[in-house]
Amino acid sequence: MLNLLLERYPQLTECADTLSAALTALIDCYQKGGKLLLCGNGGSCADCDHIVGELMKGFLKKRPLSGEQKAEMMKNSPLLEKTLLNKLQNGLPAIALPSIAGLNSAFCNDVDPELVYAQSVMAMGNKGDVLFTISTSGNAKNVIAAAKVAKGLGLTVIGLTGNDGGTLAGVADICIRVPETETYKAQELHLPVYHYLCATVEDAFFDK
């Protein structure tokens with residue numbers, strides 16, 4: 001799947017090593033029962049929601065519940081109907097931190113806006129989880145603060161940035177630096193990067 005990505009977007013060839021490292025970190029996280037936290041601002045905030053959508057339900061695969069899952073769930077909750085369970089899909093836990101509006105607005109108002117994502121990481125992050133940080137400049141202060149807290153808690157930090165990488169490149173464990181400097185051009189390459197990661201992670205956990 002990486003070869004297909006690089007064939008379609010040859011400019012991402014220089015990111016091959018960090019893409020592979022990010023994929024390994026995500027698969028390892030989910031194999032060990034961890035979760036993915038994501039943060040970013042503006043277009044990167046929207047990308048966080050997009051990634052959550054690809055991971056929490058079927059992306060390229062349907063991910064139906066197994067017969068064993070259905071039987072166990074119906075045993076635990078006899079009111080569950082098979083017709084309901086037949087429509088549900090397996091998901092991989094992912095949380096877009098910018099979407100937690102109540103907490104975020106309260107913390108920005110009561111404490112410090114630059115620590116808004118750091119607070120969510122503090123509350124929800126566990127050792128073995130992954131924090132996926134997106135910043136085209138690599139210098140978003142609230143994203144960098146979250147990355148620092150995540151590392152302090154034992155999370156693996158993946159950064160997705162533009163060519164320079166900014167401050168985030170020196171904080172993240174893995175930094176995917178797409179070869180563009182203008183915001184919109186970097187964002188155009190961020191999409192195929194995270195689609196590749198989501199599709200390949202899905203492929204590792206679910207049958208067709």
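Helix 7 and helix 8 cross in a right-handed manner (the near helix is turned clockwise from the far one by less than a right angle; the anticlockwise case is left-handed). The model is predicted, with local features needing pLDDT of at least 70 and side-chain atom pairs counting only at pLDDT 80 or more, while totals for chains, interfaces and linings use all residues. Residues are numbered from 1 along each chain as its sequence is written, and side-chain values use heavy atoms, with hydrogens and water left out.

**Helix 7 and helix 8**

- Two packed helices are described by the angle between their axes and the distance between the axes.
- The axes of helix 7 (residues 116-124) and helix 8 (residues 141-153) cross at roughly 20° and come within 7 Å; axes are lines fitted to C-alpha atoms over the stretch in contact, and angles run from 0 to 180 degrees between N-to-C directions.
- The two helices, helix 7 and helix 8, are therefore roughly parallel to each other (angles under 35 degrees count as roughly parallel).
- From helix 7, V116, Y117, A118, V121 and M122 meet N142, V143, A145, A146, V149, A150 and L153 of helix 8, where contact means heavy atoms within 4.5 Å.
- The residues of this contact between helix 7 and helix 8 comprise eleven nonpolar, one polar and no charged (Ala, Val, Leu, Ile, Met, Phe, Trp, Tyr, Cys and Pro count as nonpolar, Asp, Glu, Lys and Arg as charged, and the others, Gly among them, as polar).
- Helices (H or I, at least four residues) and strands (E, at least two) are DSSP runs, numbered from the N terminus.

**The cavity**

- A search of the whole structure finds one cavity of 30 Å³ or more (on a 1 Å grid over the protein atoms alone, a set of points where a 1.4 Å probe fits but cannot get out; lining residues have an atom within 4 Å of a point).
- The largest cavity has a volume of about 50 Å³, a volume being the space filled by probe spheres set on grid points joined across faces, edges and corners.
- Its lining consists of L26, L36, L38, I51, L55, F132, Y194, L197 and C198.
- Helix 10 gives the most to the lining of the largest cavity, with three residues.
- The lining of the largest cavity has nine nonpolar residues, no polar and no charged.

**The largest pocket**

- The largest pocket holds about 190 Å³ of space (a pocket is an open set with protein on both sides within 12 Å along at least five of seven lines).
- Helix 10 supplies the largest share of the lining of the largest pocket, four residues.

Notes:
Parallel < 35°, antiparallel > 145°, perpendicular 65-115°, else oblique.
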